[in-house]
Amino acid sequence: MRCYGRHWQQRGGDAFTIAYARSVSHRAPLLYLAVIFNVLLVAWTFRARAPLAMLLVAPVIVVLAASRALHWLPDRVATRPVDQLRHDIVAMQRLGGWGALIFVAWSLGLYPYGDPGQRELLHFVIAVTMFAAILGMAHAPETAVRLALAFTLPWSMFVLATGHADAVAISLAQVFVTAILLTMTQVQHRDFVRLELSRQLLARRERQTAELASAHYRQATVDYLTGGRNRRAILNGLEEHLAGPDDGMRPWLALFDLDGFKHVNDTYGHAAGDHVLRTVNGRIGAMPGVSAHGRLGGDEFAILFDGAFDREAVLAAARALSAAIREPILYNGATLRLFGSIGLHRAQGASASTCLERADAALYKAKEQGDGAIVAFGEADEVALQRRITVMRQFNACALEDRLRLLYQPIFDCRENRVVSIEALARWSPDGIEWQAPGEFLAIADATGRTGELTRLVLARTLAECRPWLTGLEVSINLAARDVVREGMAETMAAIVVDAGASPSSVMLEVTERALQHDPKRATAQLLAFREQGFRIALDDFGAGWSSLSQLRDLPLDRIKLDRELVGALATDPGARAVTGMIVALAWQLGIGCSIEGVESEAQAEAARALGIHLMQGYHFGRPEPAAEALRVYAQGPAASAVGIG
Ligand code: C2E
Ligand code: CA
Ligand code: CA
């Protein structure tokens, strides 16, 4: 391939060719204009002396120069294909050389007809045209060299041949200045190439940055699994709606949560689960009235329903969606049936997160109702939510130390006829007046991330109030789900116990099955860590919900606490008695103690005793009481008389 100068050798690429041609197009027409002017000037000066044939060459040169000038006009160059440009640039080098030669030959041909003044003019015109040509083509060295040779050689030889008095000096000046000019063209050409290269690099970087940014945006807003919108995209869309004026047509935000998804994942594998999520995503998208939808995470989807819907219409649309999801999903020959709960809220308020919070509250209610219920967030919900937010703020802001109170409930050993342990039960007050039970504030403690603090405080206070090292009493503390997976919790708790001057072996930690469910492996390891520190461990609420007997073998347990649901059935239901008897026997074989809670009557206590359970807890033996009261009952010795046990 031909090149356009030394530095072009490796750079004949399209972008370079275009840049180069554009640069030429800004110079060549002007250069041709200068040539035309000079030719006309010379012809006019020699009009009376030169032969007509010589003068007639002028219009020919003018026409040729004009056609080349037009050819190189920037507008025309800009529209020409790159192959043509490449050809033009190569042609320019050749034509430039020949054009210069014709111009010099014609000028020198006129020389004999001129008077001394006109001859000087010729020298001047040739010199000026040559310098203009070389400088004009400064960034195209090869063309510049050809121009220089075409001008300098014949002209110097002519000057020497005509015997001009200063012929040698003139020729030397010509050659020297030309050489300098050519050197300059090299520098300029190099600068041009560098500039163009860095411009191209910059353009390439900009392009890459833009591509990267769009890829990032895609990644950040697309759900990798369904290929639809993800949480961020949905929330961004919602924010856009909220940023506009509230014309009563803001969309409805629906949160949709699949029921039975975990079952599909566990039974048919994750590929089936993924297929379900994709199918559900597709079905949501196909529903009329859905303006946008995406997956928030897990098996939860967010949907924006048309803002033109009123409450009835959106409920109808949600019912239609619910029915569409209930349609069987086929996967590898299996027929999967799922359904989902829906929480609805008309988008309003300041931010997407406030909308999400309300739709989520509605969804929570729907899930509680079960069977794929649909709930729209209403005024009463707003009141409840505001209350929850207020309590949440109060909980978040309070010093737990000042707002927490502990009640203690005895655990009674029927064989020894005495209290052997007391369980600490927390009460929290938002204002120091009204006291709330754990059912009301534990979820908030969890949501505000303060369960660890709560547990540490309960432990320290229980030890301070009950002083097990003096009373010989075992104290029981309830752990929150997060305590069971929190790193370093065992060491922290052991340090608190040792600081108080007690022994971890006097502390029973109560853990519910539900707390273990989330991450059983980690929870088991944590229980072992507690055990290593000397704590004892009880499995709380056993028998409520789906208890698994294998846990009794796998977990490091000292006691299981049978749930009060079982207690209620013991006196009346032979089946419950059989199950409880089996659990007690198994626990006994595994060397695990057994207690029962929620015992409210003597009949229940009797039924439990008949099954071999001796440790009992419940209103029948003592209600949760402040420390002073609980310890007084304990100190009085056998509480049997108080509760009527003989
Ligand atoms: P739990 O560990 O099963 O505690 C026993 C709950 O049953 C207590 O409710 C107690 O007041 C109640 N109860 C005891 N005897 C009877 C009875 O004969 N009949 C009836 N109907 N109920 C009885 P409370 O104090 O409301 O505690 C509820 C739950 O909150 C506790 O259940 C426990 O899981 C949790 N909890 C309590 N204190 C704490 C704490 O300090 N930290 C943590 N993480 N959880 C706590
Ligand atoms: Ca408990
Ligand atoms: Ca319990």
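Select Glu-423 to start: this residue is buried, because its relative accessible area is 4% (buried means under 20%, exposed over 50%, partly exposed in between, with a 1.4 Å probe and protein chains only).

Quick housekeeping: this is a predicted model, where local features need pLDDT of at least 70 and side-chain atom pairs count only at pLDDT 80 or more, while totals for chains, interfaces and linings use all residues. Residues are numbered from 1 along each chain as its sequence is written, chains are lettered from A and ligands numbered from 1 in the order in which they are written, and side-chain values use heavy atoms, with hydrogens and water left out.

Next, click on the calcium ion (ligand 2). Glu-423 (OE), Asn-478 (OD1), Glu-510 (OE) and Asp-540 (OD) coordinate this ion at 2.1 to 2.3 Å. Donors here are N, O and S atoms within 2.8 Å of the metal (3.2 Å for Na, K and Ca); water is not among the atoms, so sites may look incomplete. Two of the coordinating residues come from distant parts of the chain: Glu-423 sits in strand 9 (residues 418-428) and Glu-510 in strand 11 (residues 507-512), 87 residues apart. Helices (H or I, at least four residues) and strands (E, at least two) are DSSP runs, numbered from the N terminus. Glu-510 is buried too, with a relative accessible area of 1%.

Now pick Asp-540. It bridges the calcium ion (ligand 2) and the calcium ion (ligand 3), and the two ions lie 4.0 Å apart.

Move on to ligand 1. Which residues come nearest? Of the 23 around ligand 1, they are Gln-409, Asp-540, Arg-564, Glu-600 and Tyr-619 (a residue is near a molecule if one of its heavy atoms lies within 4 Å of it).

- Glu-600: an N or O atom in its side chain is 2.5 Å from a nitrogen atom of ligand 1.
- Gln-409: a polar side-chain atom lies 2.8 Å from a nitrogen atom of ligand 1.
- Glu-423 again: an N or O atom in its side chain is 3.1 Å from an oxygen atom of ligand 1.

Color by element and you'll see that strand 9 gives the largest share of the shell around ligand 1, 4 residues.

Finally, zoom out. The protein chain has 27 helices and 15 strands. Its radius of gyration is 47 Å, well over the 26 Å that the globule rule gives for 646 residues, so the chain is more spread out than a compact globule (radius taken over C-alpha atoms; the rule is 2.2 Å times the number of residues to the power 0.38). Along its principal axes, the C-alpha trace spans about 150 × 60 × 50 Å.

Note on methods. Polar contact = N/O pair within 3.5 Å; in protein donor to acceptor, adjacent residues only side chain to side chain.
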